[in-house]
Amino acid sequence: MIDIFNKFYQGKRVLVTGHTGFKGSWLSIWLLEMGAEVIGVGLDPYSEKDNFVLSGIGNKIKADIRADIRDGQKMKDIFKEYQPEIVFHLAAQPLVRLSYEIPVETYETNVMGSINIMEAARVTDSVKVVVMITTDKCYENKEQIWGYRENEPMGGYDPYSSSKGAAEIAINSWRRSFFNPKDYGTKHHVAIASVRAGNVVGGGDWAKDRIVPDCIRALEAGKPIEIRSPKAIRPWQHVLEPLSGYLLLASKMWQEPTKYCEGWNFGPRTESITPVWDVATKLINNYGTGELKDVSDPNALHEANLLMLDISKAKFHLGWEPRTNIDLCVALVADWYKRYQQEEVYELCVEQIAQFVKS
């Protein structure tokens with residue numbers, strides 16, 4: 001049984017933005033399996049091999065809507081029509097290197113898109129809980145060896161990271177201005193929180209410039225895996241880790257609407273914070289074939305070398321902590337990519353969720 005939330009989501013109307021994306025597709029499957037009515041709002045999936053496409057989620061959810069979160073009126077119309085009770089906002093331009101190529105669109109999507117979702121929630125009486133997903137890269141990164149806590153300054157070097165920092169500032173402003181916990185029950189009825197996760201990996205991700213998709217593309221083509229930043233240290237976590245945190249947080253916000261309306265980190269265990277080269281090596285070992293090639297470029301576009309999250313707050317106040325270590329995380333990832341071409345992908349995902357829950 002993969003419902004670890006005491007049937008909380010059964011029958012709930014849940015709107016997921018970015019449901020066609022990597023994290024959104026896994027979240028939609030988990031919600032479906034727990035009996036939620038899922039309304040998905042997103043752009044077309046990235047490729048025909050995406051988890052969303054292969055699992056056939058579009059045919060299983062209550063509504064599979066193609067829409068751009070930059071269209072504020074469209075978002076209000078969708079909210080009005082479907083009357084969601086819980087909103088998970090994942091839709092974003094999520095890639096650091098792409099943000100250098102399309103900085104304006106990155107800001108429009110990640111900042112104004114987030115504001116449009118909050119505005120749609122503000123005018124929709126059915127909405128009770130909103131979980132805004134940003135990123136660990138929203139923090140002003142000092143390349144420090146300590147994990148960032150939720151009360152540290154927002155920032156960001158590249159357009160992607162800074163757009164997420166700006167989104168966090170906007171979320172905090174809307175929470176104070178329109179969704180203030182002090183005014184709950186009199187001026188509004190919405191509990192809103194923001195969540196930040198580390199480097200998320202899992203089956204069905206084919207985005208550019210991400211280590212796992214890059215590895216799998218090379219492995220399937222029989223080519224060496226080119227590693228761009230071999231020494232960069234990242235907080236690796238399986239996609240189901242932060243999703244379990246988001247789901248737990250939303251259920252607690254529903255029960256106590258004024259207690260959890262703030263920012264939350266959902267990162268991995270300390271031993272899962274490892275260099276890119278080591279993770280790629282583990283992936284090859286689990287996959288059963290492949291070789292690595294160091295192609296680091298001293299003149300490459302800036303990307304953070306070291307970024308970690310402190311998850312003490314989620315542990316102490318939510319009772320959440322990571323279920324997997326780096327070895328199980330990579331094993332689950334490799335298992336999905338070894339099996340997706342031969343098996344029913346939706347059932348494969350459900351099987352991995354069950355395995356994760358038992359871990």
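**Close-up views of a predicted model**

**View 1. Contact of helix α1 with helix α12.** In this predicted model, residues W26, I29, W30, L32 and E33 of α1 meet Y346, C349, V350, Q352, I353, F356 and V357 of α12. By class, 10 nonpolar, 1 polar and 1 charged residues make up this contact of α1 with α12. Helix α1 spans residues 22-33 and helix α12 spans residues 345-358. Their axes come within 10 Å and cross at roughly 80°. Because angles of 65 to 115 degrees count as roughly perpendicular, α1 is described as roughly perpendicular to α12.

**View 2. Packing of helix α11 against helix α12.** Helix α11, formed by residues 326-339, packs with α12 at an angle of about 165°, and the two axes are 11 Å apart. Angles over 145 degrees count as roughly antiparallel; α11 and α12 are therefore roughly antiparallel to each other. The crossing of these helices, α11 and α12, is right-handed. On the α11 side, the contact is made by L328, L332, D335, W336 and R339. On the α12 side, V345, L348, C349, E351, Q352 and Q355 take part. The residues of the contact of α11 with α12 comprise 6 nonpolar, 2 polar and 3 charged.

View 3. S55 belongs to helix α2, which covers residues 51-55. With a relative accessible area of 1%, S55 is buried, since buried means under 20%. A polar atom of the S55 side chain lies 2.5 Å from the backbone oxygen of N51. Leaving aside neighbours within four places in sequence, S55 is in contact with I29, K60, E344, V345 and Y346.

View 4. The relative accessible area of K7 is 58%; because values over 50% count as exposed, K7 is classed as exposed. K7 and M34 are 27 residues apart in sequence, and their C-alpha atoms are 6.8 Å apart in space.

Methods:
Residues numbered from 1 in each chain as written. Predicted model: local features only at pLDDT ≥ 70, side-chain atom pairs only at ≥ 80, totals over all residues. Heavy atoms only, no water. Axes fitted to C-alpha atoms, helices over the stretch in contact; angles between N-to-C directions. Helix = DSSP H or I, 4+ residues; strand = E, 2+ residues; numbered from the N terminus. Parallel < 35°, antiparallel > 145°, perpendicular 65-115°, else oblique. Contact = heavy atoms within 4.5 Å. Nonpolar A, V, L, I, M, F, W, Y, C, P; charged D, E, K, R; others polar. Left-handed = near helix turned anticlockwise from the far one by under 90°. Buried < 20%, exposed > 50% of the residue type's maximum accessible area, 1.4 Å probe, protein only. Polar contact = N/O pair within 3.5 Å; in protein donor to acceptor, adjacent residues only side chain to side chain.
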